[in-house]
Amino acid sequence: MKHAKNQSQIWRTYVILSINYLNTYDYKNAILYNQKALQLQTKEWQKLAARNNIAVILMEEGKYNKALQIFLSLTTKKEVLNNDEFQGKALDNIGFCYFKIYNSDKALYYFQKSLEIRQRKNRPFDLGKSYLHFAKFYEKSNPALAKKFMLLSYENFTAANSVESRISSLELLIKNTSDQELRKYATKYVNIIDSIFEVRQKVKNQFARIKYDSKREREENLKLKSQKIENELQIERQENRNIMSYIIILVALSLVVTLYFHLTSRANRQKIEATYQSETRISKKLHDELANDVYHTMAFIENKNLSIEKNREHLLKNLRDIYTLTSDISKENCPLVANKDYAVSLNEMISEFNNTETNILTKGLDTILWSEIKKNKKVAVYRTIQELLVNMKKHSSATSVVITFKKTNKNILIIYVDNGKGIDANQILLKNGLNNIENRFFAIDGSIEIDSFPDMGFKVFIKFPI
């Protein structure tokens with residue numbers, strides 16, 4: 001098409017191609033070529049004809065609602081209203097779409113309007129189409145009237161010499177008749193099919209002869225050309241061998257140099273990445289675990305009477321834990337938060353933030369079977385609650401804290417609520433502690449949601465799979 005200059009000629013070519021694809025049931029390409037036709041700079045009636053073709057293809061696909069919208073839009077165009085043949089086809093197709101989507105009233109209305117226009121023009125093929133649709137419309141509700149329209153469609157298609165359409169009418173008549181009439185129509189049907197087969201066979205034989213002669217001539221020409229080409233190739237092969245040798249040597253050298261620089265660069269990047277990741281991991285553990293444990297111990301010293309033997313022992317135990325964590329910072333989890341007495345350890349940690357200024361209440365902690373939950377998830381819970389309580393002590397001035405634990409079929413829910421200063425949840429920049437909390441639960445496929453406003457307390461909703 002790139003060498004064609006006449007837009008109307010290109011339009012006709014696209015339409016013919018779409019018809020060929022439609023006849024081979026390739027609806028996708030049939031629509032594609034009508035869309036190509038629409039993009040051309042052609043007359044308005046040609047654009048409307050292409051849209052009509054798309055709607056007809058949609059009908060063949062059974063997409064009646066989509067086809068209906070296109071046909072209805074066509075009936076508002078002056079080019080269609082001023083052309084009885086075009087208007088009659090559009091109205092008949094609208095009626096058939098309504099018939100297929102079970103809107104009998106509208107279907108009958110448009111069938112009648114189309115028939116009135118077509119009766120004025122008196123074109124046998126168009127009348128045959130209308131009568132065929134009326135026959136299908138009345139086939140179940142009024143068989144006698146349907147048969148009348150079947151006969152009328154057959155007569156008009158015969159007058160129009162439309163073989164395919166006559167077959168459609170005969171198929172309906174055969175389906176809706178019996179006895180002698182059935183035999184008569186069946187005989188006509190068989191005769192038409194036989195004649196079509198005979199014509200097509202003759203065309204096929206003639207085409208086969210032309211194809212054979214053309215093939216034979218082409219083979220002879222190809223044989224002569226191949227001989228000439230073979231001689232030329234023999235000369236070129238030697239030249240190409242020399243060129244390829246030079247290219248292979250050059251490419252090999254380039255690959256060696258490129259590979260050397262790539263491996264060197266990658267080794268340097270890996271060293272930098274390893275150093276960065278190591279530094280990040282250590283920094284994170286220092287903040288998440290060591291800093292929180294130190295603050296936890298400081299809070300214990302502030303709020304407990306160290307003259308009591310039990311409190312002194314607990315303080316020494318906390319200091320030993322800090323020492324152990326400091327000396328072995330690479331370990332993933334502290335034994336305190338992942339052992340078999342996890343619930344006890346968690347409850348003790350929470351209770352150590354409980355004092356005369358802040359009342360902390362836990363609900364449902366003992367209802368959860370912590371032994372069934374993986375170690376890394378228990379660490380995340382312990383460190384998160386510890387982080388929240390540390391932040392509460394540092395920033396919120398809360399007097400009341402409630403931590404609720406719930407278990408569903410597949411998840412653990414933790415709800416933290418305090419009555420502190422609160423913050424604007426829409427302006428939170430997740431840094432340090434809050435960012436660490438979020439990352440912990442993302443790592444275990446969990447989620448965290450913060451709900452807080454200034455002077456209205458602080459709420460955190462945590463959920464993670466068991």
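**Close-up views of a predicted model**

**I403 sits in strand β2 (residues 400-407).** The model shown here is predicted: local features need pLDDT of at least 70, side-chain atom pairs count only at pLDDT 80 or more, and totals for chains, interfaces and linings use all residues. Residues are numbered from 1 along each chain as its sequence is written, and side-chain values use heavy atoms, with hydrogens and water left out. Helices (H or I, at least four residues) and strands (E, at least two) are DSSP runs, numbered from the N terminus. I403 counts as buried because its relative accessible area is 0%. Buried means under 20%, exposed means over 50%, and partly exposed lies in between (1.4 Å probe, protein chains only). K363 is 40 residues away along the chain, with 6.3 Å between its C-alpha atom and that of I403.

**Five strands form an open sheet with mixed pairing.** The strand order is β1-β2-β3-β5-β4. β1 (359-363) and β4 (447-452) are the edge strands, each pairing on one side only. Two strands count as paired if DSSP finds at least two bridges between them. On average, neighbouring strands of this sheet are turned by 10 degrees against each other, direction ignored. The axes are lines fitted to C-alpha atoms, for helices over the stretch in contact; angles run from 0 to 180 degrees between N-to-C directions.

**β4 and β5 (residues 458-465) pair in the antiparallel sense.** Six bridges join these two strands. E449 has F461 of β5 as its bridge partner. S447 stands opposite K463 in β5. Five residues lie between the strands of this hairpin, and D455 takes a positive phi near 65 degrees.

**The largest pocket has a volume of about 1,600 Å³.** A pocket is found on a 1 Å grid over the protein atoms alone, as an open set of points where a 1.4 Å probe fits, with protein on both sides within 12 Å along at least five of seven lines. Lining residues have an atom within 4 Å of a point. Points are joined across faces, edges and corners, and the volume is the space filled by probe spheres set on them. The lining holds 40 residues, and L22, V56, E60, F125 and K129 lie nearest the centre. The elements giving two or more residues are α1 (7-23), α3 (44-61), α6 (84-100), α8 (124-138) and α10 (163-175). α3 gives the most, with eight. By class, 17 lining residues are nonpolar, 11 polar and 12 charged. Ala, Val, Leu, Ile, Met, Phe, Trp, Tyr, Cys and Pro count as nonpolar, Asp, Glu, Lys and Arg as charged, and the others, Gly among them, as polar.

**Q9 lies in helix α1.** Q9 counts as partly exposed because its relative accessible area is 44%. T42 is 33 residues away along the chain, with a C-alpha separation from Q9 of 9.8 Å.

**T75 occupies the loop between α4 (64-74) and α5 (78-81).** T75 counts as buried because its relative accessibility is 19%. Its side chain reaches the backbone oxygen of L72 at 2.6 Å.

**Y25 and Y102 have positive phi values.** Most residues other than glycine have a negative phi. For Y25, phi is near 65 degrees. Y25 lies in the loop between α1 and α2 (27-38), and its relative accessible area of 62% makes it exposed. For Y102, phi is about 65 degrees. Y102 is in the loop between α6 and α7 (104-121), and is exposed at 75% relative accessible area.

Definitions and conventions:
A polar contact is a pair of N or O atoms within 3.5 Å; within protein, one must be able to donate a hydrogen and the other to accept it, and residues adjacent in sequence count only if both atoms are side-chain atoms.
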